[in-house]
Amino acid sequence: MLSNILASINFLKSLGIFHRDIKPNNLILTFSEDDGFFVKLIDFSCAIRLEPEKRSYSRGWAGTHGYIPSYIYIYIYDHKVYTEEDLNSADIYAACISILTLANFDFNPYFDSKPQKHDQERLVQ
C-alpha cells in the first residue's frame, strides 16, 4: 500500500505537483484483474504546482493536523519559505502517518492522545 502512495508522490513531484493533504480519507483502494489491489490518491484541492523555474513556495500551508510534520509548523510561525524538498518530504511523512493510522484502526499517535472507544471495540470483534 505504501509503495503505491510513494509512487504517486514521486510521479506528482516529477510534474512539480505537491498534494499537501495526504491522509486516510484521501486514499482509495481499487481493484483490477491486471493490477490487483491498488491505492489511489484523491482530493487535490490543497495541491500546488511549482513552475520549473520556481523551487520554493511561501503562501502558507494547507493540510490536516496530525499529518503535517512539525517542522512545517515552525516554518509557518517564522514565515519561512518552503522548498521543493520540504513539500515533498511533507507528502512522504503524511503518507507514512496515514499507513500507520490505517494499520492502527484510525489511531494516529500524532493526533489522538489515546485510541477512541469505538477503535478498541473493533479490535475485540
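1. A word on terms before we start: a contact here means heavy atoms within 4.5 Å. On that basis, take the contacts in the protein chain between residues at least 6 apart in sequence: 58% of them join residues at least 24 apart. Please keep in mind as you read on that this is a predicted model.

2. Let us begin with the overall layout. The protein chain has 4 helices and 6 strands. Following the sequence, these elements come in the order α-β-β-β-β-β-α-β-α-α. Of the 125 residues in the chain, 37% are buried. The exposed surface comes to about 7900 Å², and carbon and sulfur atoms supply 56% of that area.

3. Next, how far does the predictor trust its own model? The mean pLDDT of the protein chain is 82, and 82% of the residues score at least 70. Strand β1 (residues 17–18) has the highest confidence, at 94, whereas helix α4 (residues 117–124) has the lowest, with a mean of 45. The pLDDT is below 50 over residues 113–125, a stretch with 10 contacts in the model beyond near neighbours in sequence. I would ask you to read helix α4 with that mean of 45 in mind.

4. Helix α3 deserves a paragraph of its own. Spanning residues 84–103, helix α3 has 20 residues and covers 29 Å from its first C-alpha to its last, close to the 28 Å expected at 1.5 Å a residue. Its buried residues are Glu84, Asp86, Leu87, Asn88, Ala90, Asp91, Ala94, Ala95, Ile97, Ser98, Ile99 and Thr101. A reminder that helps when looking down the axis: an α-helix has 3.6 residues a turn, so residues three or four places apart point the same way. With that in mind, you can trace Leu87, Ala90, Ala94, Ile97 and Thr101 among the buried positions of α3.

5. Serine 98 lies in helix α3 and has a relative accessible area of 0%, so it is buried. Asparagine 88, also found in helix α3, has a relative accessibility of 13% and therefore counts as buried, the cut-off being under 20%. Leaving aside neighbours within four places in sequence, asparagine 88 is in contact with Ile9, Lys13 and Phe18.

6. Not counting residues up to four places away in sequence, leucine 12 touches Ile17, Leu41 and Phe44. Leucine 12 and arginine 49 are 37 residues apart in sequence, and their C-alpha atoms are 9.1 Å apart in space.

7. Now to the strands. Strand β2 (residues 27–32) pairs with strand β3 (residues 36–41) in the antiparallel sense, over 6 bridges. The two form a hairpin, with 3 residues between β2 and β3. One of the bridges joins leucine 29 to valine 39 in β3.

8. How many aromatic pairs does a search of the whole structure find? The search finds 1. The ring centres of phenylalanine 31 and phenylalanine 37 are 4.9 Å apart and the planes lie at 55°, so the pair is tilted.

9. Finally, two backbone details to check on screen. Arginine 20 has a phi near 70°, a positive value in a residue other than glycine. Arginine 20 sits in the loop between β1 and β2, and its relative accessibility of 9% means that it counts as buried. Aspartate 43 is not a glycine either, and has a positive phi of about 60°. Aspartate 43 is found in the loop between β3 and β4 (48–49). At 36% relative accessibility, aspartate 43 counts as partly exposed, whereas arginine 20 is buried.

Key: Residues numbered from 1 in each chain as written. Predicted model: local features only at pLDDT ≥ 70, side-chain atom pairs only at ≥ 80, totals over all residues. Heavy atoms only, no water. Phe/Tyr/Trp six-rings, centres within 6.5 Å; stacked < 30°, edge-to-face > 60°. Buried < 20%, exposed > 50% of the residue type's maximum accessible area, 1.4 Å probe, protein only. Areas by Shrake-Rupley, 256 points an atom, 1.4 Å probe, with all protein chains shown as cover. pLDDT = per-residue confidence, 0-100. Expected span 1.5 Å × (residues − 1). Pairing = 2+ DSSP bridges.
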